[in-house]
Each structure stands twice: as structure tokens, then as C-alpha cells.
Amino acid sequence: GVQPGIGAWENDYIKKVRKKTEQLNMFLEGQIRLPKDESEFDIFEKVIISAKESGAVICRTNCGNRRYEDFDSLGKFKEFKSQSIRSIQLAEPILKKHKVKLAIENHKDWRTEDLLEIMKLMQSEWVGITLDTGNSISLLEDPMYVVESLAPYAFSVHLKDMAVDEYENGFLLSEVPLGEGMLDMNKMITTIKKHNPDIKFNLEMITRNPLEIPCLMPKYWATFGQISGSVLASFLMMIRNQKTKTSLPYISKKSKEEQLALEIENNSLCLQYGKQKFNFE
């Protein structure tokens, strides 16, 4: 299956998408944007209708990007949090009306306690989580803890394996082919399926330069006053103990053709691994 962006599509296009997915026996999950305020209520409903009529009964969204890059104060993060919750509250009645589930990703914006707070606040069968198995490492969270905590609320998954290395301002973080990184794929998949046996695992193998996670720089900490020094020390020790024994992949100096070939190769390796190890189809 696939997880494409969905807009307020025309009926003819909706029919084409549904026909193609049915012909290929694919699942479809949508990617959508939340309404900012009441003025976007109608367009959001049209997007949800397009998703459902195309065959998607689950839509993934993210509220923000990289928390440590987007915000330089706790106050600004709190404004973002309040706006995000308001957007989710605006969306929920439409989701309920059309019986489409919204899956909010841990997208390097929310730590686990943030998402758990939102789930408890909403208490809606139509609002859950897109569980990304690697993103929250960037927020100094143990990836297995994230999976175990969020799996009960997961509607969808971004499945990835990760590799790490040290650098002067913190650590580097890279997606790598499944089975080549630091994550316990078997335990993660088993845990997620325990809570939702029918959940779909969307592969997210991003071929790019390593992300710099500057957790030793002052700005990184602008929204993280609650994290103790001992947590940081333990996390950095984990990074040191599990850092890659080979160099992390850098692609920026490769040609477009070489980058594309590597991306195809990486995704193919992941698909083969998933089929052989976990019977993914």
C-alpha cells in the first residue's frame, strides 16, 4: 500500500484512485493537513470525504516539524501546542461524521508524554497515532519506550531502522535499511501488532544525509526544561555504545542519478527484509 497526500479531489479522480488501488489489491492511507481554524472547516471536510471515497479510512497527519529547530522558547512551543490541540478538536467531529481515523505522528515535535496527554484529552476512537519507530530518538527518547507507550493508540506505523554517531554538538541520526541499524525490529513489530493486529506498516526509508541533533547546544533545550542532566548523560552513553561501526551515509555529493539509484536500492533491501523476516506482503 501507499500513504499519499490527499486533497479535495474531484469525483473523477477519486474514482480513478479507488479503481487503481482495488486493481492492485493495495491499501490506501491518506496524508492530510489539519484545519487551522473554523475558516478551513469546509475544505477539511472535503479532504476527508475524498480520502474515504478513495478507500482510505485512516489519514496520517503531523502537527509540526523539528521541535528543536522550530522553537527558541518554551512560550512559542506552548502556543504551537495549544494551536495543534485546537486543530485536532476542530477535526474530530468531521472524522466521527465520516468514520475516518486520524493518526497523529510523533514527528520530532511531540515527546511521548505530549502525545499521551493529547490522547487522554481527546478520548476519541477517531483520533490516534502514527507511530514512527525512529523519530523520537531526536528528542532523547528511548525508541522501545516510545513504541511500548504509544502502541495502544497506534492506527498506523512509519517503520524504519536507525543508525547513530557522535558529532561535536550532539549526535547524528540516519535512516538505514531494516536490520542494519540499532532498533529491535522484531520486538517493535510484535509489540505494535499485540495492540492492533490489523495495523499497516508503512515503510519510511529516507535516503539523505544524517540529521544533526544538536542536543549539546543551548537552543535545543529551549522547550525541554523538564529533562534532567542524568537523562542526557544516559542517552549520550547509549549513543556512544550503539553508534555505527561504519560511516553514516552522505548523499549530497552524489549525482541525482546516483541518489535515486541508492534510494531504490535501500527501499528494495527493506522490502526484502520485511518479507523474509516478518512475512510482509
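Helices (H or I, at least four residues) and strands (E, at least two) are DSSP runs, numbered from the N terminus. The legends below use these names. The structure is a predicted model, in which local features need pLDDT of at least 70 and side-chain atom pairs count only at pLDDT 80 or more, while totals for chains, interfaces and linings use all residues. Residues are numbered from 1 along each chain as its sequence is written, and side-chain values use heavy atoms, with hydrogens and water left out.

**View 1. V2, in the segment before α1 (11-23).**
V2 has a relative accessibility of 36% and therefore counts as partly exposed. Buried means under 20% relative accessible area, exposed means over 50%, and partly exposed lies in between (1.4 Å probe, protein chains only). Leaving aside neighbours within four places in sequence, V2 is in contact with M26, F27, L28, E29 and N202. Contact means heavy atoms within 4.5 Å. I43 is 41 residues from V2 along the chain, and the C-alpha atoms of the two are separated by 23 Å.

**View 2. The contact of helices α1 and α2.**
Two packed helices are described by the angle between their axes and the distance between the axes. The axes of α1 and α2 come within 8 Å and cross at roughly 35°. Axes are lines fitted to C-alpha atoms, for helices over the stretch in contact, and angles run from 0 to 180 degrees between N-to-C directions. On the α1 side the contact is made by N11, I14, V17, R18 and T21, and on the α2 side by S50, K52, E53 and S54. By class, this contact of α1 with α2 has two nonpolar, four polar and three charged residues. Ala, Val, Leu, Ile, Met, Phe, Trp, Tyr, Cys and Pro count as nonpolar, Asp, Glu, Lys and Arg as charged, and the others, Gly among them, as polar.

**View 3. The crossing of helix α2 (residues 41-54) and helix α4 (residues 74-98).**
The axes of α2 and α4 come within 10 Å and cross at roughly 35°. The crossing of α2 and α4 is right-handed. A crossing is left-handed if the near helix is turned anticlockwise from the far one by less than a right angle, and right-handed if clockwise. Helix α2 makes the contact through F41, F44, E45, I48, I49 and K52, and helix α4 through L90, A91, I94, L95, K97 and H98. By class, the contact of α2 with α4 has eight nonpolar, one polar and three charged residues.

**View 4. G75, in helix α4.**
G75 is partly exposed, with a relative accessible area of 39%. The C-alpha atoms of G75 and F27 are separated by 40 Å, and the two residues are 48 apart along the chain.

**View 5. The largest pocket, with a volume of about 760 Å³.**
On a 1 Å grid over the protein atoms alone, a pocket is an open set of points with protein on both sides within 12 Å along at least five of seven lines, and lining residues have an atom within 4 Å of a point. Grid points are joined across faces, edges and corners, and a volume is the space filled by probe spheres set on the points. The largest pocket is lined by 28 residues, of which G1, F27, F201, F280 and E281 lie nearest its centre. At least two lining residues come from each of β5 (154-159), β8 (200-203) and α9 (256-278). Helix α9 gives the most to this lining, with five residues. By class, the lining has 13 nonpolar, eight polar and seven charged residues.

**View 6. Q259 and L269, in helix α9.**
Q259 is buried, with a relative accessible area of 19%. Not counting residues up to four places away in sequence, Q259 touches I251, S252 and K254. L269, at 33% relative accessibility, counts as partly exposed. With the same exclusion of residues up to four places away in sequence, L269 touches P177 and E180. M205 is 64 residues from L269 along the chain, with 9.9 Å between their C-alpha atoms.

**View 7. Positive phi at Q123 and at N279.**
Most residues other than glycine have a negative phi. Phi of Q123 is near 45°. Q123 is placed in the loop between α5 (112-122) and β4 (127-132), and at 69% relative accessibility Q123 counts as exposed. N279, in the segment after α9, has a positive phi of about 60° although it is not a glycine. At 63% relative accessibility, N279 counts as exposed.

Technical notes:
On a 1 Å grid over the protein atoms alone, a cavity is a set of points where a 1.4 Å probe fits but cannot get out, and a pocket is an open set with protein on both sides within 12 Å along at least five of seven lines; lining residues have an atom within 4 Å of a point.
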